[in-house]
Amino acid sequence: MGRGDGRFLKAGAALLGTLLCAGGAGAQQADTVPPAPATVPRSLGQPPVWQGYLGAYRAAGGSSATPVVAVYGGAYRAYRGAVSGVFGVSVEPLLTVSPEVHPGVRALFTSRAVSLSAGVQFVEGRNQLESIFSWNTAILRGGVLGHGSMLRVDWTPHGTHRLAAGFQVPLHPLAGHTRPRRTGVSLPSAKSAPPAPMLPIPEAADSALRAMKVAGADVERFSNAYPTVANGPLRRSLDRFRARVRALRDTITAARPGFPNGVTYEAAEASYHAALDAAFTAVTPAGMAAEVARVARREVLHQVILPVNALFGQVKEGHTRLDGLRANADAGFARWLADSSGIPEVDWPAIQQVNRAYGDLVEEAYRRRMRNGARSRALWLPPQLALRPEDHDEQGEIDALIERATDAVFTEENRITYLRSADVQYEFLRTIRAARDYHVLWLHDFMGRNRGEYDAVGFALTVNGYLAALTDAVRAYDRTHHLPQYFIFLDQHFYDLRDGRLWMTLLEDPLGASRNLLASDSALSRQLGDQLTALQRAVEGSRDLQAEASKRGGSSWVRRQVKVHVSVTLPSDFSFRSKHIVPGVPLVPDNIVRDHRKMAFYDLREDDPNRGELVIAGAGIGEQYASGTWDDRALLLRGPAAIRAKVAARDLLRAHGLRADELPEVLGVSAGADALASLGGDPRNVATVAQLHNTPGFGTKSSTVARAMLYSLMPRGSMMVVPDPLWLSSEWAGMLVGAAMRGAEVYVVAPSILNAPSAGLPQVSTTHDLLAHLLVLGEEMRTVMEGAGGALHIGIFTAKEDVNDVRAQIAEISSGLRRSRIARQAFPFPAALVAATDSLPTMLELPTYAPEALAEDALLRLPQLHQKTQFFATREAIGRLVMLPEWRDIFLRVFATRIRQASAVRDTAGAEVAARAYMGVGLTMIEKYRSAIPEPGKDIFYLSLGSQNQDPRGMWLDGEATLLVSGVGAVVAVPDFFYLLARSTWVTRLDQLRRFYPPVDNLRRRLGRMIRYAL
């Protein structure tokens, strides 16, 4: 048996008993479920091991003057992963006509990654082996003739016909359809029209516009203060970086008229908006300037700034001008001026002239970003160019701005449960068994084998989850006449590397699966065989299912119904290449793009949000994700915000080439659902939530845009806690530094090398560089940050205790609180409460227990920080929250709940009951806090959780999913963030950083920066 198999199988059997009870209860309600459609929903299936193709070519040259025409078939098999395409073999039977017909065969070693093949061929009549070299390319995205077709050129240096050219077409029906042909988006262009004449305006207006231009440049400097990183050895790179940062600091702090000690962000913002108001005052009748300026800001915000920022993360084609967006803003302003303003027409030209100058300033900020080296994907306009502080100092205002910039919708009356990583595997299993209509599991990793052995967690989800659920559904069929539909969306990258094919093949055809599939492990093989036998007997024993089968095609119809519909997404397709994957490297295949989302949902209906649930997580399925070393979080959501997952699932299948009429009916909009129904005032439904997705590749990046909006819009005096395992993106770092310079307290947490799940040399070197540059920024910009009330703190997660050992974690937290004030500074709980942490084990009367995990890690290592959670709050809100007297009891309940969770393997109901208990803790905090709020809406909280990392891949390339909790519901995570900060070591100097991230040589640093997009 594999590592941890015995422990997991015992726990799985006990847990299965609990879930069977839940499943039985759900089955009794299934009479109300409509019958499943007679047709089987189409899925993408699994990519074939041998991939077929057809081709034809015409050859000329060599010793023969007669051209040769040939047709051939072929089969290609990849080794070491079809996605990488580094190495594979191809076999090609062929027929040549010259003019006689001669059969032949080729055998080739093929590297699709570089489009080259080499091998030998034998053609009848030549009686010798001939060497052959081939080059394949699609020329156009999706195929030179569409359908993934390739131009192919062969060279046989010693053959009769040395050069041949033709076309090759894959046989897979979705080839050339699984990615977009177009890689970019275009900003709208204005209809050609003569430029408006420049009209004279009063000197007061002109002077105000000049002052506005200066202040606007200052506002922009505070939005992203991360200069371009210089190449070269680290010391030289940091010296150059420091010089650039100092130059920026000196510009900000230099004395100037009206600012003898330099400009602060608050003063720059106030000066900017005062100058805009003054410019309109100079050309507007008395008493009307404020309204004119308000409308001008509104039009620039909605027609220029937000449309540009909504494309953040996407490649922009022809992105040098904003004339089309500006034309929309000018037209909207002109309509208001003529229809609603009441201003005499004689004043319109001067007012419009000032408005055009305002637009010029915003466009100049856009062009300045381009001149400073920003790639089109990273172009971002500071919203403060159109927003005053009072426009984004309330929760609802920021929510509305995020909605305008993304496709998100914040909905109320959602129920959330905050989950640990160990709970995720239970929740995935529970949701499979709870589904009565349909279930979707959407992952980047479903481990088949772990270091050569069968993965115990993957096995349990397959057998105790899917096969058991299918068996229950078939047994109930004579009563319900309904079979739930199960879908798995699995990204091909780890599907190849972790042998995901093992479980997917079993689930696609469980009635035809071999009982000896796992013959090398007798215990697992027996359990699998027993479950397959139980499923087969249930099918044979269902009178109504057999009767239905006799009308619809017999056993083949049953096998198409009693299965899991598997779709391996982003299948390998080298006909899609682009220069926009890795900057500076042309023709990189889209294959390196991944769908990184990790989620499961079931039975979601627009007309009944109580019906199903959604889990969004940061972990996949496998032993490593369920071990005591994996430190991650997830959210369980019930309510209208969950429905967006169905839309994303439909979008995914459509993006892979399925037509609207081929999509699964159960994933469509619920019949008769004109609008999302309410959950009915349940007091547990306290959360306002939006669900956001990044489309893989070149599509919309709503999760990225929402994150950037939060970094840009949180008011002065806010706090941002941002842990992540992959700190590789200078764009995110720059935005956070800008937030600190505007007055936010920013807490960046990265794992040490020993606590990093991805500790390869490129990741480590790039993380070291980024953190080193952040330390330089924090040092050189300290006076600027402190003047605004902000700060930048760099923490290294250095926890050593098992994530399930609650007693050891309490001691580690106590030590961290004594060692550093950072956690207490971020969450200033009363001193007596913090001091009581040492006494928690006694107060809890903790029993002696051995913390257990669902599975054992294959590696002996420290806790691996894999959290992608982020917490935002205004300082006033945190100050009120931490002073609640109920916190002592809440802390006790938190740790008591964690004890229950840590013992959940032995307590069969522990995982689910403990997770619900933690939700109860959150509800208590929310209820007490709500009763203490003096001004609802002024206290701002956000909690972000999902799959997106702080790396370029998550920002630009990969599919990602995020739940954004707005408002008081976010406080359920406060204890978790407090303890995270306490278990981190805070660094302020480069020599301290080197203890956790030793620097590497320049060659490897440069390599790490270059390939960080592919990591």
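1. Start at Gln809. Leaving out residues up to four places away in sequence, Gln809 touches Glu801, Asp802, Val803, Asn804, Arg898 and Arg983. Contact here means heavy atoms within 4.5 Å. Gln809 belongs to helix H23, residues 806-819. Its relative accessibility is 6%, so Gln809 counts as buried. Buried means under 20% relative accessible area, exposed over 50%, partly exposed in between (1.4 Å probe, protein chains only).

2. A word on the basis. This is a predicted model, in which local features need pLDDT of at least 70 and side-chain atom pairs count only at pLDDT 80 or more, while totals for chains, interfaces and linings use all residues. Residues are numbered from 1 along each chain as its sequence is written, and side-chain values use heavy atoms, with hydrogens and water left out.

3. Overall make-up. The protein has 33 helices and 31 strands. These are DSSP runs numbered from the N terminus: helices are H or I with at least four residues, strands E with at least two. Of the 1015 residues, 60% count as buried. Among contacts between residues at least 6 apart in sequence, 77% join residues at least 24 apart.

4. Cavities. The structure holds eleven of 30 Å³ or more. A cavity is a set of points, on a 1 Å grid over the protein atoms alone, where a 1.4 Å probe fits but cannot get out; lining residues have an atom within 4 Å of a point. Grid points are joined across faces, edges and corners, and a volume is the space filled by probe spheres set on the points.

5. Lining of the largest cavity. Which residues lie nearest its centre? They are Asp631, Arg633, Gln809, Arg898 and Arg983, out of 19 lining residues. Two of these, Arg898 and Arg983, are also contacts of Gln809. Helix H9 (421-434), strand S21 (630-631), H23, helix H28 (887-902) and helix H31 (974-982) each supply at least two lining residues. H31 gives the largest share, three residues. By class, the lining has eight nonpolar, four polar and seven charged residues. Ala, Val, Leu, Ile, Met, Phe, Trp, Tyr, Cys and Pro count as nonpolar, Asp, Glu, Lys and Arg as charged, and the others, Gly among them, as polar.

6. Aromatic pairs. There are 28 in the structure. The ring centres of Phe871 and Phe941 are 6.3 Å apart and the planes at 45°, so this pair is tilted. It links distant parts of the chain: Phe871 in strand S28 (residues 870-874) and Phe941 in strand S29 (residues 941-946), 70 residues apart. Both Phe871 and Phe941 are buried. Phe871 also pairs with Phe977: the centres are 5.5 Å apart and the planes at 35°, so that pair is tilted too. Phe977 lies in helix H31, 106 residues from Phe871. Rings of Phe, Tyr and Trp (its six-membered ring) pair if their centres lie within 6.5 Å; planes under 30 degrees apart count as stacked, over 60 as edge-to-face and the rest as tilted.

7. Ring pairs join Phe827, Phe829, Phe871, Trp887, Phe941, Phe977, Phe978 and Tyr979. Phe871 has a relative accessible area of 0%. Phe977 is buried at 1%.

8. Helix H13 (residues 501-508). Six of its eight residues are buried, so H13 is largely enclosed by the rest of the structure. The buried ones are Leu502, Trp503, Met504, Leu506, Leu507 and Glu508.

Definitions and conventions
1 Å grid on protein atoms, 1.4 Å probe; cavity = no way out; pocket = protein on both sides within 12 Å on 5 of 7 lines; lining within 4 Å.
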